[in-house]
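Student: I have a model open and would like to learn how to read it. Can we walk through some features together?

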Amino acid sequence: MGKPLAGNAASTARAISTLPQLRRLLWAVGRLRAGRPLKATDLASEFEVNVRTAYRDLDFLRDDWRVPLEFDRAQATYRLTEPTAALPFVTLSEGELVALYFAEKVLAQYRGTPFEADLASAFRKIQDLLPREVRVSPSRLDDFLSLDPGPLHTPDAQVFRDVLAALRLRRTLLVRYRSLSSNRTTPRTLHPYHLFNHRGDWYVAGWDEARKQIRIFALHRIRRTTLGTASYEIPPTFRFDEYMADAFAIQKGEKPVAVSIRFAPRQARWIRERRWHKTARVQERLDGGLVLQLRVAETSEIRRWVLQFGSEAEVLAPESLRAAVARELEAALGVYGPAPSRRKGR
């Protein structure tokens with residue numbers, strides 16, 4: 001991207017609040033350096049601002065940037081009193097630098113996906129807003145800042161385009177979908193309702209004609225798409241936020257159930273730091289642990305989540321979830337086998 005930005009905000013009495021003002025200032029300095037006299041009306045006309053704004057810009061150049069300007073009252077023009085004038089460094093706030101850094105990292109994560117072209121175009125437009133004298137290099141921030149969204153599935157570009165086209169045109173979508181649970185690929189006819197990203201991966205919620213219900217499909221498991229000829233309408237009662245309200249992550253169930261999980265003190269410190277679900281409630285325990293209570297419509301995601309905590313998490317309710325976790329732990333113990341007995345004398 002070019003030379004990294006540097007500077008100290010304290011060196012400038014007033015901060016530049018907008019990029020349009022920055023462009024006006026640099027244009028004015030460029031004209032003055034070229035040896036051409038400058039009137040406030042010239043600046044106002046070039047950028048379609050009022051003359052009072054132009055005078056404030058010129059005052060800023062003289063008083064804050066210490067550009068050696070001289071005003072010729074007879075000609076009503078400004079000129080430089082020295083052959084050259086060095087400009088101060090322009091500063092961006094820490095938040096602005098981090099925002100640009102994140103934008104560049106997101107672009108890198110989606111290279112090779114259908115989103116790359118649009119992200120690259122948006123990032124170029126951000127860069128183009130900065131004048132030539134001002135460039136930021138997010139790669140320079142890598143020494144003390146990093147962003148790792150984790151491994152991402154890469155959906156087929158054509159699949160993504162077809163899903164968007166079906167949504168835009170309200171046309172049915174014929175797909176071949178590989179189910180993760182059955183590991184079978186079957187034909188489906190979908191009415192896409194909502195395309196969304198969850199933790200870096202893309203999904204579409206829509207009506208499944210064969211199953212006569214709204215289902216969620218992972219784009220990276222769609223093997224082939226064909227835009228149908230039949231049209232459909234999204235029910236006016238469908239609200240995606242309401243539809244997903246009871247899900248712990250993305251899986252849906254028939255009816256929300258109450259879940260209670262006891263966490264040991266060490267893990268409880270981590271659990272307290274996050275808002276796990278809109279229904280989540282915490283009951284503190286005297287030993288420093290806690291009980292997390294929530295209502296979710298499907299418990300298989302909760303089961304997989306609880307298992308990562310090992311012996312430091314215990315499902316208290318419902319009994320069906322407690323039994324499912326117990327079966328998983330017993331199966332894992334069977335894989336690893338019983339712990340070898342220690343030899344005497346050790």
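Tutor: Let's start with one side chain: beyond its neighbours within four places in sequence, Arg 303 is in contact with Leu 321, Ala 324, Val 325 and Glu 328. Keep in mind that this is a predicted model.

Student: Where does Arg 303 lie, and is Arg 303 buried or exposed?

Tutor: Arg 303 lies in helix 9. With a relative accessible area of 19%, Arg 303 is buried; the cut-off for that label is under 20%.

Student: What about the rest of helix 9: which of its residues are buried?

Tutor: In helix 9 the buried ones are Ser 300, Glu 301, Ile 302, Arg 303, Trp 305 and Val 306. That is six of the eight residues, so helix 9 is largely enclosed by the rest of the structure.

Student: And what do the buried residues of helix 9 pack against?

Tutor: Their partners are strand 8 (257-263), helix 8 (265-271), strand 10, strand 11 (313-317) and helix 10.

Student: Let's take helix 10, then. How do I describe two helices that pack together?

Tutor: The general idea is that two packed helices are described by the angle between their axes and the distance between the axes. Here, helix 9 (residues 300-307) and helix 10 (residues 319-336) have axes that come within 10 Å and cross at roughly 45 degrees. Helix 9 and helix 10 are therefore oblique to each other. The crossing in which helix 9 passes helix 10 is right-handed.

Student: Which residues make that contact?

Tutor: From helix 9 you have Ile 302, Arg 303 and Leu 307, and from helix 10 there are Leu 321, Ala 324, Val 325, Glu 328 and Leu 329. Sorted by class, the contact of helix 9 with helix 10 has six nonpolar, no polar and two charged residues.

Student: Now the charges. How many salt bridges are there?

Tutor: The pair to look for is a side-chain nitrogen of Lys or Arg within 4 Å of a carboxyl oxygen of Asp or Glu. By that rule the count comes to 13 salt bridges. One of them joins Asp 287 and Arg 285, at 3.7 Å from N to O. Asp 287 counts as partly exposed at 47% relative accessibility, and Arg 285 is partly exposed too, at 36%.

Student: Which salt bridge has a buried partner?

Tutor: Look at Arg 211 and Asp 208, whose closest N and O atoms are 3.5 Å apart. Asp 208 is buried, with a relative accessible area of 0%, whereas Arg 211 counts as partly exposed at 36%.

Student: Back to Arg 285: where is it placed, and what is it in contact with?

Tutor: Arg 285 is in the loop between strand 9 (281-284) and strand 10 (290-296). Leaving aside neighbours within four places in sequence, Arg 285 is in contact with Arg 262, Leu 290 and Val 291. The C-alpha atoms of Arg 285 and Ala 264 are separated by 9.4 Å, with the two residues 21 apart along the chain.

Student: And the chain as a whole?

Tutor: The chain has 10 helices and 11 strands, and 38% of its 346 residues count as buried. Among contacts with a separation of 6 or more, 59% are between residues 24 or more positions apart.

Methods
Residues numbered from 1 in each chain as written. Predicted model: local features only at pLDDT ≥ 70, side-chain atom pairs only at ≥ 80, totals over all residues. Heavy atoms only, no water. Axes fitted to C-alpha atoms, helices over the stretch in contact; angles between N-to-C directions. Helix = DSSP H or I, 4+ residues; strand = E, 2+ residues; numbered from the N terminus. Parallel < 35°, antiparallel > 145°, perpendicular 65-115°, else oblique. Left-handed = near helix turned anticlockwise from the far one by under 90°. Contact = heavy atoms within 4.5 Å. Nonpolar A, V, L, I, M, F, W, Y, C, P; charged D, E, K, R; others polar. Buried < 20%, exposed > 50% of the residue type's maximum accessible area, 1.4 Å probe, protein only.
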